[in-house]
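Here are my comments on the model you sent over. Have it open while you read.

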Amino acid sequence: MQVSDRTISVTNYTLRTLIDELGTECQNVITLIHQLQLPDLSDRQKAEILAEFLSAAIHLNVHCGEDFQTLIAEEMTKLSDEDEED
């Protein structure tokens with residue numbers, strides 16, 4: 001599942017890919033939340049959804065680690081200061 005067909009406007013290919021993957025995983029989490037809101041779920045269904053939710057949470061935790069944060073910070077240093085007010 002892809003977030004959109006639009007290009008993400010960052011120069012670093014790795015960061016662009018990670019942001020796209022993050023969007024996809026976030027959409028997955030929203031889907032799982034909606035599934036948990038369904039009425040009359042069996043315990044088995046809840047367990048399956050929660051297991052997927054746990055997997056997504058672990059993936060997001062790893063995905064958003066220090067390397068990802070560093071890539072974002074590096075991208076920010078490439079931005080101009082022309083929009084800043086004095």
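The points below run from the overall fold down to single residues.

1. Ground rules. This is a predicted model, so to speak of a local feature I need pLDDT of at least 70, and side-chain atom pairs count only at pLDDT 80 or more, while totals for chains, interfaces and linings use all residues. Residues are numbered from 1 along each chain as its sequence is written, and side-chain values use heavy atoms, with hydrogens and water left out.

2. Overall layout. The secondary structure amounts to three helices and zero strands, in the order α-α-α along the sequence. Helices here are DSSP runs of H or I with at least four residues, strands are runs of E with at least two, and numbering starts at the N terminus.

3. Surface and contacts. Accessible surface comes to about 6,900 Å², 53% of it from carbon and sulfur atoms (Shrake-Rupley, 1.4 Å probe; for residues, only the protein chains shown count as cover). Of the 86 residues, 19% are buried (under 20% relative accessible area; exposed is over 50%, partly exposed in between; 1.4 Å probe, protein chains only). Taking contacts between residues at least 6 apart in sequence, 58% join residues at least 24 apart, where contact means heavy atoms within 4.5 Å.

4. What α1 hides. Its buried residues are Leu15, Leu18, Leu22, Gly23, Glu25, Val29 and Leu32. Their cover includes α2 (43-63) and α3 (66-77).

5. The core. The largest nonpolar core has 12 residues: Val10, Leu15, Leu18, Leu22, Val29, Leu32, Leu41, Ile49, Ala56, Leu60, Phe68 and Leu71. A core here is a set of buried Ala, Val, Leu, Ile, Met, Phe, Trp, Tyr and Cys residues joined through side-chain atoms within 4.5 Å.

6. His63 and Phe68. His63 belongs to α2 and counts as buried because its relative accessible area is 9%. Setting aside residues up to four places away in sequence, His63 touches Leu18, Glu21, Leu22 and Phe68. With neighbours within four places left out, Phe68 contacts Leu15, Leu18, Ile19, Leu22 and His63.
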